[in-house]
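This briefing covers confidence, chain interfaces and salt bridges. Please look over the sequence and structure before reading on.

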Protein chains: 4
Amino acid sequence: MSEFEESGIGEECGVFGCVAAGEWPTQLEVAQVLTLGLVALQHRGQESAGIVTSNGVNPPTYNTLKGMGLVNNAFPPEDLLKLRYGNLGIGHTRYSTTGISELQNCQPFVVDTLHGKIAVAHNGELVNAAALRKKVMRHGVGLSTSSDSELITQLLALTPPMEELDAPDWVARIKNLMHETPTSYSLLVMYTDVIYAIRDPYGNRPLSIGRLVPISKLHTAGAGEGDTEGWVVSSESCSFQSIGAKYYREVMPGEIVQISKHGVKSLSIVPRPEGDLPAFCIFEYVYFARPDSIFEGQMVYTVRQRCGRQLAIEAPTEADVVSTVPESATPAALGYAEQSGLPYVEVLCKNRYVGRTFIQPNTRLRQLGVAKKFGALTDNFAGKRVVLVDDSIVRGNTIAPIIKLLKEAGATEVHIRVASPPIRFPCYMGINIPTKEELIANRPEFKDIAGYIGASSVQYLSVEGLVSAVQGGIPSLQKDERISTNTKASRRVGHCTACLTGKYPVELEW
Amino acid sequence: MSEFEESGIGEECGVFGCVAAGEWPTQLEVAQVLTLGLVALQHRGQESAGIVTSNGVNPPTYNTLKGMGLVNNAFPPEDLLKLRYGNLGIGHTRYSTTGISELQNCQPFVVDTLHGKIAVAHNGELVNAAALRKKVMRHGVGLSTSSDSELITQLLALTPPMEELDAPDWVARIKNLMHETPTSYSLLVMYTDVIYAIRDPYGNRPLSIGRLVPISKLHTAGAGEGDTEGWVVSSESCSFQSIGAKYYREVMPGEIVQISKHGVKSLSIVPRPEGDLPAFCIFEYVYFARPDSIFEGQMVYTVRQRCGRQLAIEAPTEADVVSTVPESATPAALGYAEQSGLPYVEVLCKNRYVGRTFIQPNTRLRQLGVAKKFGALTDNFAGKRVVLVDDSIVRGNTIAPIIKLLKEAGATEVHIRVASPPIRFPCYMGINIPTKEELIANRPEFKDIAGYIGASSVQYLSVEGLVSAVQGGIPSLQKDERISTNTKASRRVGHCTACLTGKYPVELEW
Amino acid sequence: MSEFEESGIGEECGVFGCVAAGEWPTQLEVAQVLTLGLVALQHRGQESAGIVTSNGVNPPTYNTLKGMGLVNNAFPPEDLLKLRYGNLGIGHTRYSTTGISELQNCQPFVVDTLHGKIAVAHNGELVNAAALRKKVMRHGVGLSTSSDSELITQLLALTPPMEELDAPDWVARIKNLMHETPTSYSLLVMYTDVIYAIRDPYGNRPLSIGRLVPISKLHTAGAGEGDTEGWVVSSESCSFQSIGAKYYREVMPGEIVQISKHGVKSLSIVPRPEGDLPAFCIFEYVYFARPDSIFEGQMVYTVRQRCGRQLAIEAPTEADVVSTVPESATPAALGYAEQSGLPYVEVLCKNRYVGRTFIQPNTRLRQLGVAKKFGALTDNFAGKRVVLVDDSIVRGNTIAPIIKLLKEAGATEVHIRVASPPIRFPCYMGINIPTKEELIANRPEFKDIAGYIGASSVQYLSVEGLVSAVQGGIPSLQKDERISTNTKASRRVGHCTACLTGKYPVELEW
Amino acid sequence: MSEFEESGIGEECGVFGCVAAGEWPTQLEVAQVLTLGLVALQHRGQESAGIVTSNGVNPPTYNTLKGMGLVNNAFPPEDLLKLRYGNLGIGHTRYSTTGISELQNCQPFVVDTLHGKIAVAHNGELVNAAALRKKVMRHGVGLSTSSDSELITQLLALTPPMEELDAPDWVARIKNLMHETPTSYSLLVMYTDVIYAIRDPYGNRPLSIGRLVPISKLHTAGAGEGDTEGWVVSSESCSFQSIGAKYYREVMPGEIVQISKHGVKSLSIVPRPEGDLPAFCIFEYVYFARPDSIFEGQMVYTVRQRCGRQLAIEAPTEADVVSTVPESATPAALGYAEQSGLPYVEVLCKNRYVGRTFIQPNTRLRQLGVAKKFGALTDNFAGKRVVLVDDSIVRGNTIAPIIKLLKEAGATEVHIRVASPPIRFPCYMGINIPTKEELIANRPEFKDIAGYIGASSVQYLSVEGLVSAVQGGIPSLQKDERISTNTKASRRVGHCTACLTGKYPVELEW
């Protein structure tokens, strides 16, 4: 378990799109592909979910389904049936607070413009949102939500002014939007019969493309282009397997990709300012993404394992066993064990049914804290010195009761090894991090963190260690035929470590 | 029961507003006044409900609560508690189709503009909505719903262009809106600490003002201005009693009234084109309004009773008893009985629990039809000739099985007398009427309506009879001190009978 | 509106049964007939509902469906479908408190006995329940509810001891039960392929039999026995029309009727002690029953009208108009008006949407009280003296605010005339009446009831007046071929007036 | 993941009880302790849950709360509050089918007897239930459910006949019950102020006792008897940590333990027939129990790890890596890896959000099968020979698509090693196992199981291997002061392996 989970830190969203290939009306159940795709992105947001499908004709009929909570609850089967005639569609799963009145923040947003309806799904946070809101309102537009995504739809509708006679040039509008705001966004824009998949010039949020093939050919190397049943685009590639798709490639930083029934076409790359490196969020590797997702050519699980190995090198420990706080830190713990030569054991058993149990305040049961979620596997560590690997520490109030539990159940020493550096700065690009003052790394008690949480010792992975674990495994793009030569030549590697270092990829305006 | 009820014809909405008088923060429970006010307007719309309260300071905090279904279901008590600190607020109850995804159409709409947030609640339908939508979109605004009310908010935000430095002149914006669209709307616009209550120049939809007084002085003539606890504004005055308010006056056609903690102030009257009469919807009297509401100085119940008397004059009957299809036609039936001298009896007993009972298709139970809702009070009519008064006939499929039921239970004759003329034309001003082709009055079978529905005879009230029953009781405004001299002088009487005559108050554009 | 409604006085239950006639498997949708039948009995209980169907073969398969709340909510359509293969069945709707845990009290009860399963539905309350519970428990039986109905099932299973070899003699067991407990019960017992319909020897609770005919022949006098599609048995005959059945006859006091696919057969009449009269609950006429139900050959509505006439004779009034507190007192008010010659008008308009609105305590809105439910139809009574007829007064806290409302809206006098005598004693036979101390008729303030509730005067119908209004219209049984000669000869008339007079039909034991 | 999970095999129930120590009314939140205790037993049943608390005075007030689904859903907080005044109570969580009508099967059962109310919670299945039902019904008792637990309550009420004058001897009744039925049951019986905790003479189902201590002293060795805040009794000791209790001891086979505010007292041991060994269900170790529970002095996790080691000895494999189907087989996989010297890696990532997603039949998505639940961690096994350890194989339809997934993602070989023997016989003692014909081990395709499921090879743990892994770690009772000398002397070890061997612990009667 990550402290992230306990501390309410979270990703803002996941986006997912699908276009059926070949003749329309399609036999592909687009609405169901979208639903399952979103279920696979559920870890990126559990507040609400929405999908919009289009029949793809001009003018199109869009069908929308939105609901609060998990995807499986948000879309009642009978409502899902109504969407089955879609030939393409986009979906969104949202992270955040609860409340029925928040349904209005649920994405995708559909707006009617002079040239017809567009639907937009967005993952990220615009760094200059405040200035853009003011600009839009000055033009006389009323904004009905605080959502960046509504802002994006109005910006797309607004600039350049809509031409009544000619066909709309949506790509020009999208480029214009990308010049108005540098980061962060991975964006899906559906218009009639195409989906535009866009990643901001810094590539801060992930976005990958997959190809639906016949289930029978799913795991065969030889499923050629002719077998394509449709195209999907997703915040994470982990969703591809759930729907029977093969990984195709990532959308590149700054790239606008058009996905239609005819296939995938790279339309443009909007460049960063001279000298700026890409800034893919390094915490996608550390915590947010599912371990079976692939970013920049490498599996997230493997990166986490490398972090564990690097941590063993940077922070070796005199101990008897290595273990994990289940489940997100397990790859790092296995990496630490492997590198250190210490045996890996399980020390905690998670009760997956613990949930929203109602406990009255001021009772003895409150005092039990997070330990209620875990059973101690005493025989595996009693009388031993334990290295406990976690993926992050934010406020410290999750790990402390676990250490107490282990020590009192017989561990002679509990050494905490954290497979990421301390978070010291807020994120303005889509991650909900406590304010600077709340972060434990900035608080006085952090001076003696081991004492504060009751550990025998605490050590973190260094920023350099993390960066090298991440960047060390990124393969060259040279051999990937699906990426244009131009793009390959310009491939540079860079990651956003702002929350660790305070170095933001763009100047902050507010 | 009216055929309206069965045939899905319905009013689009009810609006309600409240401003606490005197010092703020107020002791008045504004959110609860709004809720009870909306409950009293529930007959005008059961699809969804919403309220927005403001704390009235600058910049204001608005709290919004929206939900699907009846007011009592839409607002969970725990959510209602959150709104209790409001000093003023507006609410809305909406008629229409179901579906959680429709929550986005739920009013009031709140939009953020360059000069702060406004909230808007609207009853009516803009006759030139299509042209206005195009105009707004041409300006580069995206519209996220098909609702006229969103359109109104964007029109208010848009024109004239927002001035960044000076304070916004909302009254100028409202006047501008009223010049852009002639009808139909009764509108509440809340901005920070005031509510603007607006009725379109034709007065097509109703809007009345009430005064909250101490409960102890509620029914005392002597509750003076000093006792005012707050002001309310409502689609119908029937809501005033539920919340402890006294009727104050109607908003006049074209009038913009400002309601603040300092009281009620008439700001302006936007005139109709030279020569045009007011066009208050005559079906508010016939069917939509609650019988205890007051329009144009007369009680709706009394108008309905007059319609019954007029009907007895126009269509006398050789019969033994007069009765009603409960419950909406009862005043007309009592009027008919009184005028005709025939005794009034009850012939049907309504089962108030019949509802959404699930009955499989193709079964004997389906054949029972609407009669399942009624029990025959046989002793009251067996062996007798019955005059059955209904308020309207739309498709005829409600009244037919009732006639069958009465005849087979022993009525020797069943004469249908309808207290309104046949509906022959669609409404474009807020009433959901079937298309021209669907209306029974336009269908061949209507030629022999009595034969079609199995009645001994069928007769309708004439248009002239209806108009005289409505207009005959409207008192002069001369003695009302609350209405300005100017307005009183210009008082002219007129009603919209478009659905009966095809004469629309304004030229239709589309 | 009756004070009964406000004061929580209520009937305990309704029972309903149906047996398909002719060949099985039947085409009749027995489960739906049961459901609609219960909907028509919904006024007798809204807490929970249940139905049990049997396929009628030996051993039978019983399917049970139970739920909390109204029938339409309690039986989800998809669950109802599961019951569609039944050839016969019984149902129950229950009055009382809420709470999911109370589902265990929901009837019908099904118990497995040595000779197979029986299902039991019960309306009433056993006067000697406490002694019977002790007797059953002394035999070593554990009782899992406080329900008399469970007690009945165990008594049927228990006595006389089950004979393992021979077939069970259920009729003997039922007779035995009837000797164990004199009243009150109307009972349906389903066993494999028959329903036994039983009324206690005093006939305290109602029970009527109906005949399902083809819908096309429903209202034809000539639908002969050959057209019978099934038989139904119900607490009230008002349910027959809802399902397409014709009234057949009542079950007589003490009678055991067997209903099978072969028809209706009277098996036995268990007599009362020598000299005892029947004791049908007189409040079924006054308040509980639906006005279109028939008891003892007369329509309930007509009896209520007679009560109104009798009241006008006993308590004439100097006044201008007569009116009603809608809706249950309307027939009495019309009777009063007719007898007195005063005009009948409506003075109150009921808001049918007022319900469980959440109102915070200690607010001005609380003070509005029950008047929130009603709108005053001012024009009909302003400046006039009003006779307001109600069907009963229990605590007085309902009528008082209505009187206040009318007087303050302009009535010069409000005279209350109550179409039943005051309730002074508790009921031990199935009606939930407040304890003796709580009844207003027994409280000091009742001495000056008019002053207490703010009326100009208050007068009640006398006990003798009520009894004569009820008994005056009961027709002779002589001409009814469906009742045996024996029974007809012994027809005696009597009603339970215990709550008015304290004279209970049987000696109370506890 | 176990095939058990997929195949619907399951435990019937969990039971939990709590008695507050010291003075009453207690400060201990008994209802919340019960709730959290049941949450920790949730893996034993998810159909419904119930708790009953007693205030402990004579006669007692019992409060009952029951609901369908998971504990957290079944008990709404507001209802839970009503139970807070309990001084003792018992609870139950039930495994099985769904449906609101099944609420009547929800335990604990409360019955009123001549001597007052008892509440009963039961885990297990009576092998001679059919004969006992007949016996009870022959006595004249009607049974309203098919539940063994209702049968137990009636048996307790029935025999020996209730004595009216003297106090009831519940212990005699319990002993009588235990002589009527040999197995299987772990039973809690609450009567006024005590809980009797009973395990059948064969000890087929588990039952453990814990001691509630101050949270501050929870993990301190020195928390003496004086610190006891209450006593708990549970199907599994894993629940103790969740509520702040220390493990005390197991209830012994055949033992009746009385738990009161004065402490824990062993009342009696009902012996097995001469020569019979205990028969604790061996599948509690293999699959049902939570790994942190303790049975017979050993931790379940450790037993599973020993099974893995034994499997590596019995079925060694030429391979590169060892892995698990998460999560239940992980201890066995780690044991296998350790013993074999092969590295342990993770090959599958579970999507914890996959649930009741609605997928239309006959679509491509259906074909994806169970693999939708898992993401392949390709880098960890591509190009390698994998040993995949699972805990059981029932029908084979879970493991087959996983093997396919791994092979197609690059595993060169997939060897299945199952850490338990094949199930060949049905269970009549509380486990819901498919019929003999449905079990894969008895079907023809099982002859070539590896071919059938697509594995490179398949091998099972032997029965002897399982028994030795289980029995090898059971410690002696000699040093446990809490168990009586008598019991310790008679300690014999034995387990029920009926589903593997067909050797049932008692003769089956039906």
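The notes below go through the predicted model by topic.

This is a predicted model, in which local features need pLDDT of at least 70, side-chain atom pairs count only at pLDDT 80 or more, and totals for chains, interfaces and linings use all residues. Residues are numbered from 1 along each chain as its sequence is written, chains are lettered from A and ligands numbered from 1 in the order in which they are written, and side-chain values use heavy atoms, with hydrogens and water left out. The predictor assigns the complex an ipTM of 0.89 and a pTM of 0.87.

**Confidence**

- The mean pLDDT (the predictor's confidence in each residue, from 0 to 100) of chain A is 86, and 86% of the residues score at least 70.
- Within chain A, helix α1 (residues 3-7) has the lowest confidence, with a mean of 49, and strand β9 (residues 194-199) the highest, at 98; helices (H or I, at least four residues) and strands (E, at least two) are DSSP runs, numbered from the N terminus.
- Where pLDDT is low, the predicted coordinates should not be read in detail.

**Chain A with chain D**

- In this interface 70 residues of chain A contact 70 residues of chain D.
- About 6,000 Å² is buried between chain A and chain D, 56% of it from carbon and sulfur atoms; buried area is the accessible area (1.4 Å probe) that two parts lose on being put together, summed over both.

**Chain D with chain C**

- Chain D and chain C each contribute 26 residues to their contact.
- The area buried between chain D and chain C is about 2,200 Å², with 52% on carbon and sulfur atoms.
- There are 2 salt bridges between chain D and chain C.
- D112(D) and R133(C) form a salt bridge through their side chains, at 3.4 Å from N to O.
- The side of chain D that touches chain C draws two or more residues from each of β4 (62-68), β6 (109-113), α5 (129-138) and α6 (148-158) of chain D.

**Salt bridges within chains**

- Over all chains, the whole structure has 44 salt bridges.
- R44(A) and E236(A) are paired in a salt bridge, with their closest N and O atoms 2.7 Å apart.
- R44(A) is in the loop between α2 and β3 (48-54) of chain A and E236(A) in the loop between β11 (230-234) and α8, 192 residues apart.
- R44(A) has a relative accessible area of 0% and is therefore buried, buried meaning under 20% relative accessible area, exposed over 50% and partly exposed in between (1.4 Å probe, protein chains only).
- E236(A) also counts as buried, at 0% relative accessibility.
- In chain D, R205(D) and E284(D) form a salt bridge with closest N and O atoms 2.8 Å apart.
- R205(D) lies in the loop between β9 (194-199) and β10 and E284(D) in helix α9 (residues 283-288), so the pair ties together parts 79 residues apart in sequence.
- Both R205(D) and E284(D) are buried.

Technical notes. Contact = heavy atoms within 4.5 Å. Salt bridge = Lys/Arg side-chain N within 4 Å of Asp/Glu carboxyl O.
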